[in-house]
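Please look at the sequence and the structure below.

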Amino acid sequence: MSEPISYFNEVRRKLVHLSSLWMPTVMLVFAKYRWYLAVFFGLLLVGNLLVEHAYASGKHPAMNKLYDRFFGGMLRFEVKPGMWVISGGPYVFASACLSLVLFVPWIAASGMTAMLLGDTAAALIGRRFGRIKTVNGKSLEGVIAFIIASSIGIFIISCIVGVPGVKIWMIVLAALAGSLVELFEKQLHVDDNFSIPVAVGAFLLFLV
């Protein structure tokens, strides 16, 4: 594994992360087309994997140059010729697809939003202000930032949709579940871009 990326590139990385908020937005706007959206995200997953495989092969110089221009410095692993390292992108598409299969659209959108906002807050706040270390080198400040940011995201969605019976403690508990999945990512051996939406969605499905 390469050295940790700079804070500047971490910010760039998380801005790309936040740009994926279009996904939960689409889930809410086109909620009645749930199954079509699941297929759509599945196709994006396949396309993303093909692009990253082509990049790793080194056989497409023009595409590699464009990819490096936009994402250079943001990859946590140094990709060498012939080495295929899957980024977080395919896991995001996979979680969107699976969430729509498992949950109703507002829960799927809540799980995705919790992951996108929470993971961003945890990384940026944790790296800049983190002082109290927990497990896997992650800070308590980052964990708290995750819970607050993801709770706000879920709360906003529940208000927009007008879901009856949703309580603040339910939202916070679901956000806490997501933060624990993110915290113990190494032990779970599952990318948190995939596991967080599923964990948050499962808790919301059980609690609401």
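Phe41 counts as buried because its relative accessibility is 0%, and buried means under 20%. The model is a predicted one, and this value, like the others here, is computed from it. Which residues touch Phe41, leaving aside its neighbours within four places in sequence? Phe41 is in contact with Trp22, Met23, Met27, Phe93, Ala96, Cys97 and Leu100.

A search of the whole structure finds five aromatic pairs. A pair of aromatic rings is described by the distance of the centres and the angle of the planes. For Trp22 and Phe40 the ring centres are 6.4 Å apart and the planes stand at 70°, so this pair is edge-to-face. Trp22 is in helix α2 and Phe40 in helix α3, so the pair ties together parts that are 18 residues apart in sequence. The rings of Phe40 and Phe41 have centres 5.5 Å apart and planes at 55°, so that pair is tilted. The cut-off for edge-to-face is over 60 degrees.

Phe41, at 0%, is buried.

Now consider the whole chain. Of its 208 residues, 43% count as buried. Among contacts between residues at least 6 apart in sequence, 76% join residues at least 24 apart.

How many salt bridges does a search of the whole structure find? The search finds three. In one of them, Arg127 pairs with Glu10, and the closest N and O atoms are 3.1 Å apart. Arg127 is in helix α6 and Glu10 in helix α1 (residues 7-19), so this pair links distant parts of the chain, 117 residues apart. Arg127 counts as partly exposed, at 40% relative accessibility, whereas Glu10 is buried, with a relative accessible area of 2%.

A salt bridge also joins the side chains of Lys14 and Asp119, at 2.7 Å from N to O. Lys14 lies in helix α1 and Asp119 in helix α6, and the two are 105 residues apart. Lys14 is buried, with a relative accessible area of 5%, and Asp119 counts as buried at 7% relative accessibility.

Glu182 forms a salt bridge with Lys138, with the closest N and O atoms 3.2 Å apart. Glu182 lies in helix α8 and Lys138 in the loop between α6 and α7, so the pair ties together parts that are 44 residues apart in sequence. Glu182 counts as buried, at 10% relative accessibility, while Lys138 counts as partly exposed, at 22%.

The last topic is the surface. The protein exposes about 11100 Å², and carbon and sulfur atoms supply 71% of that area. On the surface there is a nonpolar patch formed by Ile132, Leu140, Ile144, Ile148, Ile152, Phe155, Ile156, Ile160, Val161, Ile168 and Val172, with about 960 Å² of accessible area together. The elements that give two or more residues to the patch are α7 (140-161) and α8 (168-183). Which element gives the most to the nonpolar patch? Helix α7 does, with eight residues.

Ile144 is one of the patch residues and is found in helix α7.

How values were computed. Residues are numbered from 1 along each chain as its sequence is written. This is a predicted model: local features need pLDDT of at least 70, side-chain atom pairs count only at pLDDT 80 or more; totals for chains, interfaces and linings use all residues. Side-chain values use heavy atoms; hydrogens and water are left out. Patches are made of residues with over 30% relative accessible area and no salt bridge: like charges are joined within 9 Å, nonpolar side chains (Val, Leu, Ile, Met, Phe, Trp, Tyr) within 5 Å. Accessible areas come from the Shrake-Rupley method with a 1.4 Å probe; for residues, only the protein chains shown count as cover. A salt bridge is a side-chain nitrogen of Lys or Arg within 4 Å of a carboxyl oxygen of Asp or Glu. Helices (H or I, at least four residues) and strands (E, at least two) are DSSP runs, numbered from the N terminus. Contact means heavy atoms within 4.5 Å. Buried means under 20% relative accessible area, exposed over 50%, partly exposed in between (1.4 Å probe, protein chains only). Rings of Phe, Tyr and Trp (its six-membered ring) pair if their centres lie within 6.5 Å; planes under 30 degrees apart count as stacked, over 60 as edge-to-face and the rest as tilted.
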